[in-house]
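Please open the model in your viewer and keep the sequence panel at hand.

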Amino acid sequence: FNTQEIRAIFTLPFKLDNRFLLNELETILFPCVTVEVFGEGEVVEVRCKDYPSKIPLFTHRDFLDSSGKFHEKIRKRPSIDAMVKKLKNLPKLPYIWGGTFPEGVSELFELFKPERELNGWEWQLFHLRGIDCSGLLYNVTHGTVPRNTGPLFEICTPIEAPSRPLDLIFSPGHVLIYLGDNEVIESVKTHGLRRMDLDNRLE
């Protein structure tokens, strides 16, 4: 998160911007990512290679491994076939700014138990169940590519047109993933996760 006031984020009603986005969420890191921790108390500042940031980032201490043992988990990228299969089998998901995990973070519900029953949309937001465009790629590659579109674009080799599954199409601040057979998948603010014909999408 880009604020220390994490508990306030999960106090109803949600305080969203004019695009109905929860701007305090920066990202959800892949499990077992190594972070540097600064400070004491319930909310701590964190820094990590997966999400280099010019602004301070924070997390709740309950999301950190407090065993004191340092062990960086090796992340292995799945095969292209496995990644395409996962992309094609994802359920319809809402767009969440900073969202990385289709299943969301169930621990949030216990940590910040809501004072009333949630409707379906609130439940998804409370669990951060949703995904943004680059979070989609970060998830299916098991965190082996940069998390955001800018750094992701910098490591890519330009091509004339997508031809192979997992070729990427960039526009400012956005990325589409080519699935093959003239089909793309993306997560957009207005529709959430969607698959469509490439030609229609470019039109």
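Select β2 together with strand β3 (residues 57-60): the two run antiparallel and are joined by four bridges. Here strands are DSSP runs of E with at least two residues, helices are runs of H or I with at least four, and both are numbered from the N terminus; two strands pair if DSSP finds at least two bridges between them. Within this pair, Val44 has Thr59 in β3 as its bridge partner. The model is a predicted one, in which local features need pLDDT of at least 70 and side-chain atom pairs count only at pLDDT 80 or more, while totals for chains, interfaces and linings use all residues. Residues are numbered from 1 along each chain as its sequence is written, and side-chain values use heavy atoms, with hydrogens and water left out.

Val37 stands opposite Val46 in β2. The hairpin of β1 and β2 has four residues between the strands, and Gly39 in this hairpin takes a positive phi near 100 degrees.

Next, display the open sheet of four strands, whose order is β4-β5-β6-β7 with antiparallel pairing. The edges are formed by β4 (168-171) and β7 (192-197); each has a single partner strand, so one side of each is left without a neighbour in the sheet. On average, neighbouring strands of this sheet are turned by 25 degrees against each other, direction ignored; axes are lines fitted to C-alpha atoms, for helices over the stretch in contact, and angles run from 0 to 180 degrees between N-to-C directions.

Now show the helices that accompany this sheet. Helix α2 (residues 80-89) packs on the sheet and touches β5 (174-180), β6 and β7, contact meaning heavy atoms within 4.5 Å. The direction of α2 makes about 110 degrees with that of β5. Helix α5 (residues 133-140) lies across β4, β5, β6 and β7, and runs at about 50 degrees to β5.

Ser187 has Leu193 in β7 as its bridge partner, and Glu183 stands opposite Asp197 in β7.

Centre the view on Glu183. Is Glu183 buried or exposed? Glu183 is buried, with a relative accessible area of 19%; buried means under 20%, exposed over 50% and partly exposed in between, using a 1.4 Å probe and protein chains only. The side chain of Glu183 makes a polar contact with the side chain of Arg195 at 3.0 Å. Such a contact is a pair of N or O atoms within 3.5 Å; within protein, one must be able to donate a hydrogen and the other to accept it, and residues adjacent in sequence count only if both atoms are side-chain atoms. Leaving aside neighbours within four places in sequence, Glu183 is in contact with Lys88, Ile177, Tyr178, Arg195, Met196 and Leu198.

Finally, clear the selection and view the whole chain. The protein has seven helices and seven strands, following the pattern α-β-β-β-α-α-α-α-α-β-β-β-β-α along the sequence. Its C-alpha trace spans about 50 × 40 × 30 Å along the principal axes. Of the 203 residues, 43% count as buried.
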